[in-house]
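I hope they are handy while you have the coordinates open.

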Amino acid sequence: MKKLIPFLIVTSIVITAVFCIILLNKWNIKKTTIESVRTYDGFTAKLNELYATSTDEFVLCLNGKIDNGIAVITSYHSPKEYKADENDIVFSSCSNFDFFEIFKKEKHLGTIHNHPSSVCHLGYMDCYSFGKSNDAIIGIICGEDTVHFFTPKDLINSLEINTI
Ligand SMILES: [Zn+2]
């Protein structure tokens, strides 16, 4: 019993520290300065294909890393969609609370969605949900080969995009 109490105290400190590291890691990604976006060959083609065949909004979760101010997109996946029409989409969270994310090289960066209306700026709901999220970037597809990425620091001017 004498040994149990110090053990429980140490355990609770360790658990708290781990949760703090996870949360700081989440905050950091949002606060990181991002100056440009790098995508991979085939990503734009996939976006064009989805854009051309969708009359409703769709959303993709973007994964990758942030490297020297560059958001490097390395993969994507589709979240579960609950409702989608030409103006709105309701979808499940891209990443669940993942303890092991701090050890993973590929992290959740943000989302990208289309605007079937061809409007290239963020809508009110886009800004609202982006602000509430821990996402580092948000992308809008508003035409063929026309993609704009924004960060929490600048919701008006889009980032430069490079493809390798
Ligand atoms: Zn939108």
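1. Let me start with the sheet: seven strands form an open, mixed sheet in the order 8-7-6-2-3-1-9. Strands here are DSSP runs of E with at least two residues, helices are runs of H or I with at least four, and both are numbered from the N terminus. Two strands pair if DSSP finds at least two bridges between them. At the edges are strand 8 and strand 9 (160-163), each of which pairs on one side only. From one strand to the next the twist averages 30°, with axes fitted as lines to C-alpha atoms (for helices, over the stretch in contact) and angles running from 0 to 180 degrees between N-to-C directions.

2. A word on provenance. This is a predicted model, in which local features need pLDDT of at least 70 and side-chain atom pairs count only at pLDDT 80 or more, while totals for chains, interfaces and linings use all residues. Residues are numbered from 1 along each chain as its sequence is written.

3. For the overall layout, the chain has three helices and nine strands, following the pattern α-β-α-β-β-β-β-β-α-β-β-β along the sequence. Along the principal axes, its C-alpha atoms fill a box of roughly 70 × 35 × 25 Å.

4. Five of its seven residues are buried, so strand 7 is largely enclosed by the rest of the structure. A residue is buried if 20 or more other C-beta atoms lie within 10 Å of its own, exposed if 12 or fewer, and partly exposed in between, with C-beta atoms placed from the backbone. Of the 164 residues of the chain, 23% count as buried.

5. Now for the partners of strand 7. Strand 6 pairs with strand 7 in the parallel sense over five bridges, and Asn114 stands opposite Ile141. The chain gets from strand 6 to strand 7 through helix 3 (residues 124-132), in a right-handed β-α-β crossover; right-handed means that, with the strands pointing away from the viewer, the path from the first strand over the helix to the second runs clockwise. Strand 8 is antiparallel to strand 7, again with five bridges, and there Val147 is the bridge partner of Ile141. Two residues lie between the strands of this hairpin, where Asp145 takes a positive phi near 55°.

6. Which residues touch the most other members of the largest nonpolar core? They are Leu62, Ala71, Ile73, Leu109, Ala136, Ile137 and Ile141, out of 23 residues in that core. Such a core is a set of buried Ala, Val, Leu, Ile, Met, Phe, Trp, Tyr and Cys residues joined through C-beta atoms within 7 Å. Strand 7 gives the most to this core, with four residues.

7. Leu62 has Tyr76 in strand 3 as its bridge partner, and strand 2 and strand 3 run antiparallel, joined by seven bridges. Beyond its neighbours within four places in sequence, Ala136 has contacts that include Ile29, Ile66, Ala71, Leu109 and Thr151; a contact means C-beta atoms, placed from the backbone, within 7 Å.

8. Finally, is Tyr82 buried or exposed? Tyr82 counts as exposed because it has 9 C-beta neighbours inside 10 Å. Tyr82 is found in strand 4 (residues 81-84), and its contacts outside four places in sequence are Val90 and Phe91.

How values were computed: Two residues are in contact if their C-beta atoms, placed from the backbone, lie within 7 Å.
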